[in-house]
Amino acid sequence: MLKINKIWLFCLIGLIVTACSISYKFNGASIDYTKVKTITIKDFPNQAPLVYPPLSQKFTEALKDIYIRQTRLQLVGSNGDLDLEGEITGYDLTPMAVKEDAYASQTKLTITVRVRYANRVNPDEDFEQSFSAYREFDATQMLQQVQDQLSEEIIDELVDQIYNATVANW
């Protein structure tokens, strides 16, 4: 009798555990969708002294993509409840890790973006701020060999920084 009760208890626990599931979606956004429904993201022109031609378009599209994928905001051409605009202000190369022969063994690629954020629903959250990210690469490689991959990685990091600064208020 005790053995049958244990079997029933295990079956009941198994049924409860498989019937109940908790699902979390953690995208970091804390948006009141009853008040905020739209976002405007203007093109970010490249005003850096050193210009990588596809950077402006790649950055702007990645920025739009994160808000489309991770929020329920509608992307509109103008007058959104949230507004993002700015420019790429830096695309810089810096020699790093100088060896004993006075040559650099690593080079750092840094991209800097100035962002102006306006929240028409809650103007206290408005800001203007610069964001930057970098990646290092072996100095024996030419920038042209690595800049597509490195700029993509840097863009992803910058977009995450901006997304967190604008709609992830936690």
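Strand E1 is joined to strand E3 (residues 82-98) by three bridges, and the two run parallel; strands count as paired if DSSP finds at least two bridges between them. The model is predicted, with local features requiring pLDDT of at least 70 and side-chain atom pairs counted only at pLDDT 80 or more, whereas totals for chains, interfaces and linings use all residues. Residues are numbered from 1 along each chain as its sequence is written, and side-chain values use heavy atoms, with hydrogens and water left out.

E1 also pairs with strand E2 (residues 74-75), in the parallel sense and over two bridges. Gln-74 in E2 is the bridge partner of Thr-38. Between E1 and E2 the chain passes through helix H2 (residues 55-70), in a right-handed β-α-β crossover. Strands (E, at least two residues) and helices (H or I, at least four) are DSSP runs, numbered from the N terminus. In a regular strand the side chains alternate between the two faces of the sheet. Both faces of E1 (residues 38-41) are covered, with Thr-38 and Thr-40 buried on one side and Ile-39 and Ile-41 buried on the other; buried denotes under 20% relative accessible area (1.4 Å probe, protein chains only).

Helix H3 (residues 143-167) comprises 25 residues and spans 34 Å from its first C-alpha to its last, close to the 36 Å expected at 1.5 Å a residue; the expected span is 1.5 Å times one less than the number of residues. A kink of about 30° in H3 is centred on Gln-149, the bend being the angle between axes fitted to the seven residues ending at a residue and the seven starting there.

Technical notes: Buried < 20%, exposed > 50% of the residue type's maximum accessible area, 1.4 Å probe, protein only. Right-handed = clockwise from strand over helix to strand, strands pointing away.
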